[in-house]
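Please keep the structure in view while reading the points below.

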Amino acid sequence: METLWSDFINSEWHDWKGSGRSEDRLGQEKWQRYFLTQWQLPAPVPADEDTVAAMRSFRERLHGMSVRLAAGKTLAEEDFAYLNSILDKGAVKRRIEPESGSVRMRLLGVGENWEQVMAEVAASFAETLIRGEGARIRVCENPDCRWIFYDDTRNRTKKYCDHKMCGNLMKVRRFRAKRREEG
């Protein structure tokens, strides 16, 4: 399952096939448009250089937190303080809406800027933690990929971001290594 926060973190792409290529998509106008459309968030495109630098710094901190959680560690007080500083930059208004025979409260971002977007990303990450699902955060076991993902499997044993891409690639690599050892 892709989440708002994992999609944001994974804007730093690494070639999962092992070529060593990588690409920082945060500063790309095309990626910014995709991201905002995908998550129905308003912000000006393209983001200016200072904003992109702030988003890169945020992404790096969020990535570090995700890696620590994936390793079974907990977040430090300064991590929560940092997340709160990002959340402080995004104002929300509340809407009550009917939903499948019941009622729900919906929070809507007020600002139409990248600070609001980062606050929504931080809120998405916080929701994962609040639901007690920080232990479901994973780093793809393909060392060339480094993708961060949310493990939505029942038994929490997902190892790869995508079993068809990274999973198959790693299976082939293990098979070939075993054949070399035998031969």
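A pocket, as the word is used here, is an open set of points on a 1 Å grid over the protein atoms alone, with protein on both sides within 12 Å along at least five of seven lines. The second largest pocket defined in this way holds about 180 Å³ of space, and the largest pocket holds about 900 Å³. The model is predicted, and its chain comprises six helices and six strands. In order along the sequence these elements give the pattern α-β-β-α-α-α-β-β-α-β-β-α, and the C-alpha trace spans about 65 × 40 × 35 Å along its principal axes.

**The largest pocket**

- The lining of the largest pocket consists of 28 residues, and those lying nearest its centre are Leu4, Leu107, Glu120, Ala123 and Ser124.
- At least two residues of this lining come from each of α1 (4-9), β4 (102-109) and α5, and α5 provides the largest share, with nine residues.
- Sorted by class, the residues lining the largest pocket are 15 nonpolar, eight polar and five charged.

**The second largest pocket**

- The residues that line the second largest pocket are Glu2, Asp7, Asn10, Ser11, Glu23, Arg25, Gln28, Lys30, Trp31, Tyr34 and Trp147.
- Helix α2 (residues 29-38) contributes the most to this lining, supplying three residues.
- The lining of the second largest pocket divides by class into three nonpolar, three polar and five charged residues.

- The structure contains one cavity of 30 Å³ or more, and the space in the largest cavity comes to about 50 Å³.
- Ile9, Asn10, Glu12, His14, His63 and Arg146 form the lining of the largest cavity, which by class has one nonpolar, three polar and two charged residues.
- Asn10 takes part in the lining of the largest cavity and is also among the residues lining the second largest pocket.

**Packing of α3 against α5**

- Helix α3 (residues 49-70) and helix α5 (residues 114-130) have axes that come within 11 Å and cross at roughly 5°. Because angles under 35 degrees count as roughly parallel, α3 is described as roughly parallel to α5.
- On the α3 side the contact involves Thr51, Ala54, Met55, Phe58, Leu62, Met65, Ser66 and Leu69, which meet Trp114, Met118, Val121, Ala122, Phe125 and Leu129 in α5.
- The residues in this contact of α3 with α5 comprise 12 nonpolar, two polar and no charged ones.

**Packing of α2 against α5**

- The axes of α2 and α5 come within 12 Å and cross at roughly 55°, an angle that makes α2 oblique to α5, and the crossing of the two helices is left-handed.
- Gln32, Phe35 and Leu36 in α2 meet Trp114, Val117 and Val121 in α5, and by class this contact of α2 with α5 has five nonpolar, one polar and no charged residues.
- Trp114 and Val121 of α5, which take part in the contact with α2, are also among the α5 residues that meet α3.

**Packing of α3 against α4**

- α3 and helix α4 (residues 77-87) pack at an angle of about 140°, and their axes are 11 Å apart; the two helices are therefore oblique to each other, and their crossing is left-handed.
- Ser57, Phe58, Arg61, Leu62, Met65 and Arg68 of α3 make the contact with Glu78, Asp79, Tyr82, Leu83 and Ile86 of α4, and the residues of this contact divide into six nonpolar, one polar and four charged.
- Phe58, Leu62 and Met65 of α3 belong to the contact with α4 and are also among the α3 residues that meet α5.

**Backbone features between α2 and α3**

- Most residues other than glycine have a negative phi, and most peptide bonds are trans.
- Valine 45 and proline 46 are joined by a cis peptide bond, for which omega is about 0°, and proline 46 is placed in the loop between α2 and α3.
- Glutamine 40, a residue other than glycine, has a positive phi near 50°, and its place is likewise in the loop between α2 and α3.

Notes. Residues numbered from 1 in each chain as written. Predicted model: local features only at pLDDT ≥ 70, side-chain atom pairs only at ≥ 80, totals over all residues. Heavy atoms only, no water. Axes fitted to C-alpha atoms, helices over the stretch in contact; angles between N-to-C directions. Helix = DSSP H or I, 4+ residues; strand = E, 2+ residues; numbered from the N terminus. Parallel < 35°, antiparallel > 145°, perpendicular 65-115°, else oblique. Contact = heavy atoms within 4.5 Å. Nonpolar A, V, L, I, M, F, W, Y, C, P; charged D, E, K, R; others polar. 1 Å grid on protein atoms, 1.4 Å probe; cavity = no way out; pocket = protein on both sides within 12 Å on 5 of 7 lines; lining within 4 Å. Points joined across faces, edges and corners; volume = space filled by probe spheres on them. Left-handed = near helix turned anticlockwise from the far one by under 90°.
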